Amino acid sequence: MSTRVLTLVGSLRAGSVNRQLAETAALNAPDGVEVVIHEGIGTIPFYNEDIDVEGSIPEAAAALRKAAASSDALLLVCPEYNGTMPAVLKNAIDWLSRPFGAGAIAGTPAAVIGSAFGQYGGVWAHDDARKSLGIAGAHLVEDVRLSIGGSVTRFADVHPKDDAEVVEQVRAVVSTLAGASISAAS
């Protein structure tokens, strides 16, 4: 039986380093772990309780909820925009948190990783994403932290999948997250 890790990328740019980190996670997942990068979070309308009713839920939001419900764990790959997480990730968390207390990520093991230009690699954004996930009901795997600084220079000429240190770190993150999902299921 495989452990499925739903991965949401906070940068919508095709060539973003955070997208590349998600790809690195998918390419280097341990045996028995499937990392699935969810496409389309940029097409989900901002959360509005008026449209979150049976028969009116936007297709992209319903697809996200379905993907989360069929996953064992959640991995956010988060850049830092103006000192916090991108709106697209916050919006995805909002949709996944409803109905409050019984949303698609309630009790789901979750972790946040990412990279940013600054020397701290997006730590503020990652902390904000963890806070939001926790309030939304996810089970944060606290010992999983990876914030890679200096992304513009570090990955200027190399994809993260070709950086041995990053591959090892990302693989450890996915392995720990998958282990947490197995523990939660037993």
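Thr3 has Val33 in strand E2 as its bridge partner. The model is predicted: local features need pLDDT of at least 70, side-chain atom pairs count only at pLDDT 80 or more, and totals for chains, interfaces and linings use all residues. Residues are numbered from 1 along each chain as its sequence is written, and side-chain values use heavy atoms, with hydrogens and water left out.

**Strand E1 and its partners**
- Strand E1 (residues 3–9) is largely enclosed by the rest of the structure, because 6 of its 7 residues are buried (under 20% relative accessible area, 1.4 Å probe, protein chains only).
- E1 pairs with E2 (residues 33–37) in the parallel sense over 5 bridges; pairing requires at least two DSSP bridges between the strands.
- From E1 the chain passes through helix H1 (residues 17–27) to E2 in a right-handed β-α-β crossover (clockwise from the first strand over the helix to the second, with the strands pointing away from the viewer).
- E1 and strand E3 (residues 73–77) are parallel and joined by 5 bridges; Thr7 has Leu75 in E3 as its bridge partner.
- Helices (H or I, at least four residues) and strands (E, at least two) are DSSP runs, numbered from the N terminus.

**Annotated range**
- Residues 3–149 are 32% helix and 23% strand, with the end C-alpha atoms 29 Å apart.

**Residue Val123**
- Val123 lies in helix H4 (residues 123–136).

Methods. Buried means under 20% relative accessible area, exposed over 50%, partly exposed in between (1.4 Å probe, protein chains only).
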